[in-house]
Amino acid sequence: MDLVLVNLIDGLVTGLLLFMLSAGLTLIFSMMGVLNFAHASFYMLGAYFAYQISIFLGFWMGLLIAPLVVGVIGAGVERYGLRRVHQYGHVPELIFTFGLALLIEEVVQFIWGKDQMPYEIPGILEGAAFAIAGNTIPLYKVFMIFLSLLIFGGLLYVLTKTRVGMIIQAALSYPKTVEALGHNVPLVFMGVFGVGTALAGVAGVIAGPVLSTFPGMAVVLGSIVFVTIVIGGLGSLFGALVASLIIGWLTTFAKAYDVRMEDILTGIGFTKPDPIWDSAWQDLWTLTSPQIADILPYLLMVLILIFRPYGLFGKRDA
Amino acid sequence: MTDTTHNTHSDVLAGSGLTLAKALPWLIASAFLLVMPFVFTSNSAITIMNQMAITIIFALSYNMLLGQGGMLSFGHAVYMGVGGFLCVHIMNWDQFFGTLPLPVLPIFGGLFGMGLALIVGSFSTRRAGTVFAMISLGVGELIAACSVIIVVFFGGEEGISGDRTYGLPFFGIEFLQQIEVYYLTAFWLVLSALGMFLFSRTPVGRMANAVRDNPERAEFLGYSARWVRFYSFVASGFFAGIAGGLFAINYEILTEENLNLATSGSILLVTFLGGVGFFFGPVIGAIVFTLLQTVLSLQTELWALYVGALFVATVMFFPGGLAGVLMMHTPPLVLGKLHLLVKPYIKTLLPAAICILATAGFIEILFHARHAAIGDDQMTLFWMTFSHANPVPWIAFGAVALGGFWLARRNAPELVETWHEANTDTGARP
């Protein structure tokens, strides 16, 4: 039971981190109808910038400045890249962001090399926050949870309670009308793209020290973020939250509990073939849950797409 | 009304008849493939050509989805991969492989790729666009991840390997040498390219274009957009599987790398670079990309950076790809004004090319200065050897790049003007 609580916290950290990425992605999608393939690349940029800044100014300045820089780059990409490609349609837009993801990875390798960066958590956040039955919870994880909750609180407040948020929400559904009312909709698009990528940057800053900062970090998380927003329903912020938490907990629990296929199969009543390495079913018999933990999200996505193509909370026509 | 009927009628007539003009490109291409090994005789050149041929088939099959069907796939490597894996398994199945001539093997890969496409296509082709792209990504990642788990079929992390020479000798040929494999690959290249071209001329192939452009309207005409997409998807899976079979014959090993997102992404890159709008676009893309991959990667570590930049530039400025750029010159050619363009092209594109080369040189020096081993400051670039600590090369490359940019920029309006003139029919032809 204690272990369950520890895993719940671990899964929550993973889930909230995923949500920080998927929130920006799904906002961008619902506004511009474009899935930003390079979203995880901005997350990687956030980690690298924060590392570079932390060398000179320390971790906290990195946390402050790196997302801003990433956001400005993101806005620039929207203004000078995406807006140009937009005229060709949605598929070229997707291809453009895909090419951008490739390019950013190459540029990162060009500047920082292929090795992992020694980006570490600041001294003040090292050590354990508290312990549950002998399992210590690191202070940094608690910090990650609080920071992400803080950001979502702020995002939610801005989107629902402020004038800017109202304009954004209106521009989501009726861009033409909002434009006719005198608002600069392209500017809103650029802002949302910038804020979305900045959110990804924040995620990179706080994930960099724990998940390690290396050129492949975008690829590792990239497709999972897509899976998340597809499961949650394209364009649904709430769906993205639910899906992030589901994926976070699903993978954490699958890794923590060693459920073996062997036990399940013998439980149903099959007998294990002997010797196992001659059997054509050896892979099925030796399957364990930590082994498949990483593909569970994909499996879930394919199942969702077959049985509920618009995702958990998506609109029917999304 | 009579007019349209008449036109359709003559179209049908022209479509059904096999004229020399239509067969000519195919005959030239086949002759070209026959002659190539006599021009480039070295073993490495033949290896590159084999790789090229396989990439061409793969890219053409990918373009059946992207270019002709409007379906953007991020997991097409899977169909080529499983076809290849099956072929290696057949190679290792002695009793059966001993009675099978090697040239027949790719068919099995194709059928297996088609089988997988049947399953995946049954649910993924419901919608095109973003949803299709996401499903293809998910399925691709799923199967790529399975390759580590299902060791029986995918061989785990080290993959599976076989030996092509155990097959039944084909008219005494045992395929020990690269050149023999080349002719096998070339034969399948012509066959599959012809097959895919003819598919694009069938009613289903034509409807795929219609569904790509306007699915709603196609539905109103009574065609199911989903089924049309499904047929294209399955056919594309078949040809991807054939490419996989040829890959298995050529390399005799398949690993997880043949299934993953990087491979799926690079075929998207190849196809888009070549141009999705024309049938021969992916062919150009595959040739250019393979050359870049093999030749450029020998010259510089940064080739992937350049290819990435080229790709992004293509998407932004030339969405038609290389084939699109080539075909843009058809109207001036028809008008007989192509010669007008020669001079402005030289005046603008030459400085632009110099600018790009100098920029690349600058980037190379920067890269060397940043990442070379300590103490190793000598580098060779464009047949010149110098130290990266020396400021002269930095300044020289920077100045040449800026100068080229300025010159290209200055002459660009003239090019645009001539371009418009060359595309205008003035009627006063000499």
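**Exercises on a predicted two-chain model**

In this predicted model, strand S1 (residues 128-132) and strand S2 (residues 135-138) of chain A run antiparallel and are joined by four bridges.

**Exercise 1.** Identify the residue of S2(A) that is the bridge partner of Ile132(A), and state which residue of the hairpin takes a positive phi.

*Solution.* Begin with the pairing: Ile132(A) has Asn135(A) as its bridge partner in S2(A). Then turn to the hairpin of S1(A) and S2(A), where two residues lie between the strands and Ala133(A) takes a positive phi near 50 degrees.

**Exercise 2.** Locate Ser212(A) and Glu252(B), and decide whether each is buried, exposed or partly exposed.

*Solution.* Ser212(A), which is not a glycine, has a positive phi of about 70 degrees, and it is found in the loop between helix H8 (185-211) and helix H9 (217-232) of chain A. Because a residue is buried at 20 or more C-beta neighbours within 10 Å and exposed at 12 or fewer, the 15 neighbours of Ser212(A) make it partly exposed. Glu252(B), also not a glycine, has a positive phi of about 60 degrees and is found in the loop between helix H12 (225-251) and strand S2 (253-254) of chain B. With 17 other C-beta atoms within 10 Å, Glu252(B) is likewise partly exposed.

**Exercise 3.** Describe the side of chain B that touches chain A, by element and by residue class.

*Solution.* Start from the contacts, in which 37 residues of chain B meet 39 residues of chain A. Helices H7, H8, H13, H15 and H18 of chain B each supply at least two residues of this side, and H7(B) gives the most, with 14 residues. By class, the side comprises 28 nonpolar, seven polar and two charged residues.

Methods
Residues numbered from 1 in each chain as written. Chains lettered and ligands numbered in written order. Predicted model: local features only at pLDDT ≥ 70, side-chain atom pairs only at ≥ 80, totals over all residues. Contact = placed C-beta atoms within 7 Å. Nonpolar A, V, L, I, M, F, W, Y, C, P; charged D, E, K, R; others polar. Pairing = 2+ DSSP bridges.
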